[in-house]
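User: Could you take me through how the strands of this model are arranged, one question at a time?

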Amino acid sequence: MANPEATEEEEESFDQLPAALLATIMTKLDVASICSVASTCKIFKACASHILTFIPNFHLFDTALSINLLSPLLPPNPYLSSLKVDCARLDDSAIDLLVRPSLHELCLHNCADFSGKLLSEIGGKCADLRYLYLGSVAEKRGRAIHISDLEELLNGCTQLEVLTLMFDVSLFLRHNFARVWALASEKLTSLEIGYVSSVMVTELLSPSVGPHQPLNHIRASILPGILKLNLSVDYITDAMVGTISKSLVSLTHLDLRDTPLIEPRITFDLTNSGLQQINQYGKLKHLSLIRSQEYIVTYFRRVNDLGILLMADKCANMESICLGGFCQVTDTGFKTILHSCSSLYRLRVSHGIHLTDLVFHDMSATALCMTHVSLRWCNLLTNHAIKSLVSNTHLKVLDLRDCKSLGDEALRAISTLPELKSLLLDGSDISDSGLSYLKGRIISSLVSLSVRGCKRLTDKCVYALFEGSSRLELQELDVSNLPYLSDNGILCLAKSRVPISVLRMRQCPLIGDTSIMALASMQVDEDRGHGSSLRLLDIYNCGGMTQLAFRWLKKPYFPRLRWLGVTANVNRDIIDALARNRPFLNVASHGEELGIDQWDNSESLHMHDYDDVDELEQWLLEGEFEDDDEEMIDAEINPEIRFYRHCFIKKLW
């Protein structure tokens, strides 16, 4: 414990520093860090309060605050130009707090409790806005959004360059949809929509006779400056693809994803003819066409090798290609892509039913230098394909999830990749000895590793990877659905002191209370707190969990934890008490995946360095949530827990 007299002396010494100097230093920090510093002494708290009146950027994603907690952090600030927050605990009453005339960038996630008023208010107040992201607007029952709200948004934000609307815009009236979008800023270069029907997209971009105009008058092109278009639709069709390709003459990035509810008819599907229309102006650099199987097992059944050949003729300058659900395309089609696109650095194929090793057998003869490769659900691939693929020695991301025929020889080949950062091997046939190939080679540089569902793995795989290892950069680890992984493996992981921030070990029947105790007592280094590195912990449906484990999830353990996956049937009262004890902890108890975006952007590697102690939460709450729930007796007071902890930590360390 700190000496109070020493603390007072330090505070007096800070008092001698010029306020301008302190403010200059603190403005270099992000919002969470400013709040962390503010919690240390009165001088810094006063300085932080002043800084919040003129900082240009306010970004706070990890914590969803109520309006009462957010208001003090967002005082009047005429210099605020960028605002990014999680709105999960906010509603329309927060609009005046969030929507400000000075903003150039506004990013609001989880706006389910807002109505369409949010859009109209942004259009009315944010005339200088350049970047806008709105997620899940009006998704909560009882909230409404109207076409007039979108109209006011587009009409008012005349400087908008990037617009992302991650909600269902197909609810708007079709006959007014094109008219409203004609109001969009001429400077708009990037558009992303969470869901819209393909018919609405086609009608929006199709040249047509304008209202009350002579027959020879053709409506001016809508969205003429778009460079990047990202849409999730009901069906990807020839008509929609053709219209996009003809109308958007400057397009460089096209990302389309559909989620059919029923098997599409030919008029509502993509065929070879539609593929042939892609990239008519030769400017496309990134192409993604994905058919999701979220509702039914469905594919692009009307596209074959001929369609890929026709498309490849116009795609020589492509740098990134993602194809999902092309079940009729064989090695001939996929090989054409590799040999035609000499600038290709990213290749993503999912559900490549006919994709075999032959596609990659002469990779060394190509001029490709790929850094990102994803081959999901390509079950015909074997170890030989990976041996050829690793000729791309600059690979940074390798996603081989659900390629069930891959084994230890594939790992031996992968171990030669010196720059690899992300390796995903879910459902493959690897063993403990195979994973040992990674030790001493790429394990020291890996940032993300997933071996979910690799049924042959045991506790020995943890020993093989981490025992005796040092200076590891690993931040994300997924060992879910491993039937032979037990507490002993997690004990070894805790002893290794790997600075993991995301740990998923759901549906492991042999994982129990001991694992939680080990992680709670884990120290990354001598100067950090217990369990301080974990931000996400998924222990859903782990067979050995009891009520004892939940007491170790209470403060002060896991001070950085923000997402927790548990099993609801353990004890609902304890889960509710845990939520009250940790109001900023997102607890999922129904089996939902934590931290997975609907676009499944698993290849991104955006890392952030977090502070050791969660002073942000401490400063916001200031003791408001003292827990007196009998279900969550303090671990420091309860003799049973204190005894278990003393014995356990002594054994562990």
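Analyst: Before the pairings are described, one term is needed: two strands pair if DSSP finds at least two bridges between them. Please keep in mind that this is a predicted model.

User: How many bridges join strand 7 to strand 8?

Analyst: Strand 7 covers residues 228-233 and runs parallel to strand 8, and within this pair N230 stands opposite D255. The number of bridges joining strand 7 to strand 8 is 6.

User: Which residue of strand 9 stands opposite L256?

Analyst: Strand 8 also pairs with strand 9 (residues 286-291), in the parallel sense and over 6 bridges. Within this pairing, the residue of strand 9 that stands opposite L256 is L289.

User: Why is strand 8 largely enclosed by the rest of the structure?

Analyst: A residue counts as buried when its relative accessible area is under 20%. Strand 8 spans residues 253-258, and it is largely enclosed because, of its 6 residues, the number buried is 5.

User: Through which helix does the chain cross from strand 3 to strand 4?

Analyst: Strand 3 (residues 105-109) runs parallel to strand 2 (residues 82-86), joined by 5 bridges, and the bridge partner of K84 in strand 3 is C107. Strand 3 pairs in the parallel sense with strand 4 (residues 131-135) as well, over 4 bridges, with L108 opposite L134. The β-α-β crossover from strand 3 to strand 4 is right-handed, and the helix it passes through, at residues 117-125, is helix 7.

Terms used: Residues are numbered from 1 along each chain as its sequence is written. This is a predicted model: local features need pLDDT of at least 70, side-chain atom pairs count only at pLDDT 80 or more; totals for chains, interfaces and linings use all residues. Side-chain values use heavy atoms; hydrogens and water are left out. Buried means under 20% relative accessible area, exposed over 50%, partly exposed in between (1.4 Å probe, protein chains only). Helices (H or I, at least four residues) and strands (E, at least two) are DSSP runs, numbered from the N terminus. A crossover is right-handed if, with the strands pointing away from the viewer, the path from the first strand over the helix to the second runs clockwise.
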